[in-house]
Each structure stands twice: as structure tokens, then as C-alpha cells.
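Here's a quick tour of one protein chain, meant to be read with the picture open beside you.

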Amino acid sequence: IPDASPVTTGEGDWPLILAGGSACLNPEPMHAFFDAFFIGEGEEAILEIVRTWVDARRAGLSRRNALLRLAQIEGVYVPAFYEATYREDDTLYEVRSTQYAVRNPVTKRIVPVLPPPLTKFIVPFIDTVHNRAAIEIQRGCTRGCRFCQAGMIYRPVRERPVEEVLAAVEGIMRDTGFEEVSFLSLSSSDYSRIGDLVREVVARYSDEKLSIGLPSLRIESFSVELMEQLERGRRRSGFTFAPEAATDRLRDVINKPIATAALLETAREVYRRGWPTIKLYFMIGHPTQTLEDVQAIADLAHQVRRIGFQVLGKKSGVRVGVSTLVPKPHTPFQWAPLADEATIREQIGLLERQLRGPGLEFSWNNPRETLIEAVLS
């Protein structure tokens with residue numbers, strides 16, 4: 001930061017260690033490693049935090065007093081000024097402030113109106129995994145899947161106006177040279193004007209080989225009309241669907257009611273329009289999940305594969321990705337136990353054996369990494 005010379009206060013010239021993002025809605029597991037956490041959405045608060053810290057350093061305040069200033073910003077939690085108490089089962093009971101001058105409780109910061117999206121990205125000159133531009137068209141979700149932290153903590157739902165998204169696409173095309181734009185949302189097809197948006201982008205940029213990505217589509221709300229609009233672009237990528245579970249019973253448990261017949265019919269329509277690959281994402285470790293529910297994942301993938309072979313022949317394919325449920329804070333499943341490692345490995349082993357053959361790809365999360373994620377969560 002220009003002109004923000006560090007001030008020696010006798011406490012050591014240590015950097016400010018600050019964390020933010022969705023993981024910080026439950027900061028206590030990592031409280032000993034951070035000076036401060038930001039709770040909520042940071043577009044507005046990041047400027048307040050930086051300016052407050054710089055002003056405190058320029059004024060020569062002690063580290064403690066500088067942190068006190070930060071703690072007065074809405075959404076900022078400084079663990080040193082709070083005391084946590086726990087129940088007998090070691091679950092968190094209460095966090096109370098020990099300083100009169102800080103907020104109690106710390107409340108989540110919400111951006112009421114989404115600011116205009118960024119258009120001047122740093123463009124890599126090597127190939128990267130996500131080598132495309134991204135525009136968040138909507139924040140929040142009303143579906144209420146019981147495992148989904150993002151769907152709970154990013155409420156209320158807010159949409160960017162179509163005109164604002166179109167202006168961002170224009171700026172990205174002008175300033176970056178990306179040939180793919182991804183419209184981000186927890187559920188892109190729940191955006192109220194997704195059809196209008198796709199039609200307008202395709203009409204404006206189809207001659208420039210612009211590819212449109214909709215990375216999170218609801219099977220039940222994804223329309224043939226929308227696919228036909230996307231088909232007008234010159235580049236096609238695979239379609240991704242996330243049933244999360246493969247049986248009607250388990251989908252009811254997780255509150256994601258998607259009929260298998262609707263999924264298979266949508267898969268047929270996707271293949272009929274020439275997209276060669278369908279990606280299916282599932283989770284294992286759901287409450288009440290059995291090996292029969294896991295076997296149903298493989299059965300459903302094979303059903304989709306047979307449809308692809310009927311429509312497109314050998315060039316069609318199915319990619320199955322499986323992750324393990326890590327119960328997240330602020331969700332209905334927050335107190336559900338993490339499946340034990342032996343159970344997870346048994347389920348992965350079953351899918352490894354079942355998801356083999358031409359046109360099938362299978363990937364999964366390492367159970368040890370899942371354990372680390374659970375501890376941090």
C-alpha cells in the first residue's frame with residue numbers, strides 16, 4: 001500500500017493475518033492462527049479494513065489498539081477480544097466479547113446490491129484449468145439442499161440485471177481476449193432471465209466464437225430452448241449435472257428431489273444436440289446412505305452412457321465425480337457425523353469396480369483430504 005510505512009511498536013513488525021470467505025462463517029477451529037476474520041461478503045468491507053489498518057499503522061497505534069479499531073467494523077471478528085465457551089460434548093455454546101468497545105455479537109455482512117462485475121482480469125499466458133472469464137450473475141439460492149452451506153449463508157438471493165451482465169461481457173471481450181465466458185451462480189438456470197441473457201449473448205457474439213459456460217444447471221429447470229440457444233455457438237463443452245444422490249429416497253433425505261426419469265430425458269436431449277460429454281456429480285457419506293444407494297450411482301451412470309451410445313455412438317462419454325459429504329456449519333446436516341474412513345473407502349472401491357469401460361471416467365476425493373476438510377470445517 002503506497003505510503004503505508006510499517007511502524008515499529010515494540011511488539012514486532014508482524015503482518016496482519018486476516019481470513020475471509022465462506023469457510024469463515026465458522027471461524028473457531030482456526031481462531032488461534034489468525035488476527036482477525038471477516039464474516040460475510042467482502043466487496044464493501046475490504047476497503048474499510050484496509051483503510052482502517054493503514055490509518056492505525058500511520059498513527060503509530062499499538063497492535064492491540066489497531067486490532068480494536070478493526071473489531072469495530074461490521075463483520076470483523078478478532079478472536080483476542082472474545083471468549084468461547086463449550087458444552088459438555090465439546091460443541092460451541094457461546095462466544096462473548098471481553099472488551100466493551102467491540103461488537104457483540106459479530107454479525108454477517110451482506111452486500112444488498114451486487115456491484116458491477118470485474119472485466120479487467122489478469123490473463124495468463126499459459127494454459128490453466130479455468131482459462132476463461134467469469135461473471136457472477138446471481139448470488140444465493142432458495143432450494144435449501146440440506147448439505148449445502150453456500151445455499152444457506154449466501155441468502156438472500158440477489159440477481160445482477162441482464163444489461164449489467166451484457167456490459168460486462170462486452171468489456172471482457174474487449175479487454176481480455178478470452179473465448180469463453182462462464183455465468184456463475186449456485187444455480188445458473190434459476191436466474192430469472194437466463195433465457196434472455198443467453199439469447200442476447202449468442203446473438204451478439206456467435207460470429208466471434210464466444211463459448212458460454214453455465215456450470216451449475218438444475219436438471220428440472222433446464223430447458224430444451226436454452227440448449228438450442230447455446231448450440232448456436234461454435235464451441236461446445238460438456239454439460240454438468242449434480243444429482244448428488246442416485247435414488248429417490250436419498251434425494252428426499254438431502255432435499256434435492258430430481259426424478260431419475262427427468263435426468264435421463266435431459267441427458268438424451270443433450271446428446272441429441274451434439275454435446276458428447278455429460279458430467280455427473282454425486283456425494284457419498286450422506287446420512288442413511290447404504291451400499292445400495294452407492295450402487296445406484298454406477299447404475300445411473302451406465303444408463304446415461306447407454307443413452308449416449310444410442311444417440312452419438314462411441315464419441316459420447318460420461319464423467320462421474322464423487323465427493324464425500326463433510327457436514328458444514330449452518331446447514332441442516334451440521335451435526336451429522338462424518339462417515340468413517342473404512343466406509344468411504346468401501347464405497348469408493350465399489351464405484352471403482354463398477355465405473356469401468358469405454359466412455360466412462362471416474363474421479364473421487366481422497367478420504368484423508370476429506371478428514372482434513374472436516375476438521376477445518
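Predicted model: local features only at pLDDT ≥ 70, side-chain atom pairs only at ≥ 80, totals over all residues.

Is Val201 buried or exposed? Val201 counts as buried, because its relative accessibility is 2%.

- Across the protein the mean pLDDT is 88, with 93% of residues at 70 or more.
- Confidence is highest in strand 2 (residues 36-38), at a mean of 97, and lowest in helix 6 (residues 224-231), at 70.
- Residues 1-10 have a pLDDT below 50, and this stretch makes 15 contacts in the model beyond near neighbours in sequence.

- Val201 sits in helix 5 (residues 194-205).
- Setting aside neighbours within four places in sequence, Val201 touches Leu166, Phe183, Ser206, Leu210 and Ile212.
- From Val201 to Gln229 you count 28 residues along the sequence, while their C-alpha atoms are 9.5 Å apart in space.
- Phe147 is found in the loop between strand 7 (138-139) and helix 3 (149-153).
- Phe147 counts as buried because its relative accessibility is 12%.
- Once neighbours within four places in sequence are left out, the contacts of Phe147 are Glu244, Ile254, Met283, His286, Leu325, Thr331 and Phe333.
- Phe147 and Gly21 are 126 residues apart in sequence, and 18 Å separates their C-alpha atoms.

- Leu371, Ile372, Val375 and Leu376 make a nonpolar surface patch of about 370 Å².
- Leu371 belongs to helix 11 (residues 367-376), and its 39% relative accessibility is why it counts as partly exposed.

**Cysteines without a bond**
- How many disulfides does the structure hold? The number is zero.
- Cys145 is in no disulfide, and its nearest cysteine sulfur, on Cys148, is 6.1 Å away.
- Cys145 counts as buried at 9% relative accessibility, whereas Cys148 is partly exposed at 23%.

**Salt bridges**
- Side chains of opposite charge can pair when their charged atoms come close.
- The count of salt bridges comes to 26.
- Glu41 pairs with Arg158, with 2.7 Å between the closest N and O atoms. This bridge links distant parts of the chain, 117 residues apart: Glu41 is in the loop between strand 2 and helix 1 (45-58), and Arg158 is in strand 8 (residues 158-159). Both partners are buried.
- Glu361 bridges to Arg319, the closest N and O atoms being 3.7 Å apart. Glu361 is in strand 14 (residues 360-364) and Arg319 in strand 13 (residues 317-324), so the pair ties together parts that are 42 residues apart in sequence. Glu361 is partly exposed at 47%, and Arg319 is partly exposed at 37%.
- Some salt bridges share partners, joining Glu41, Glu43, Glu136, Arg139, Arg158, Arg160 and Glu164 into one network.
- Asp175 and Arg174 also meet in a salt bridge, at 3.3 Å from N to O. Asp175 is partly exposed at 33% relative accessibility, while Arg174 counts as exposed at 57%.

Key: Residues numbered from 1 in each chain as written. Heavy atoms only, no water. pLDDT = per-residue confidence, 0-100. Helix = DSSP H or I, 4+ residues; strand = E, 2+ residues; numbered from the N terminus. Contact = heavy atoms within 4.5 Å. Patch = residues over 30% accessible without salt bridge, like charges linked within 9 Å, V, L, I, M, F, W, Y side chains within 5 Å. Areas by Shrake-Rupley, 256 points an atom, 1.4 Å probe, with all protein chains shown as cover. Salt bridge = Lys/Arg side-chain N within 4 Å of Asp/Glu carboxyl O. Buried < 20%, exposed > 50% of the residue type's maximum accessible area, 1.4 Å probe, protein only. Disulfide = S-S within 2.5 Å.
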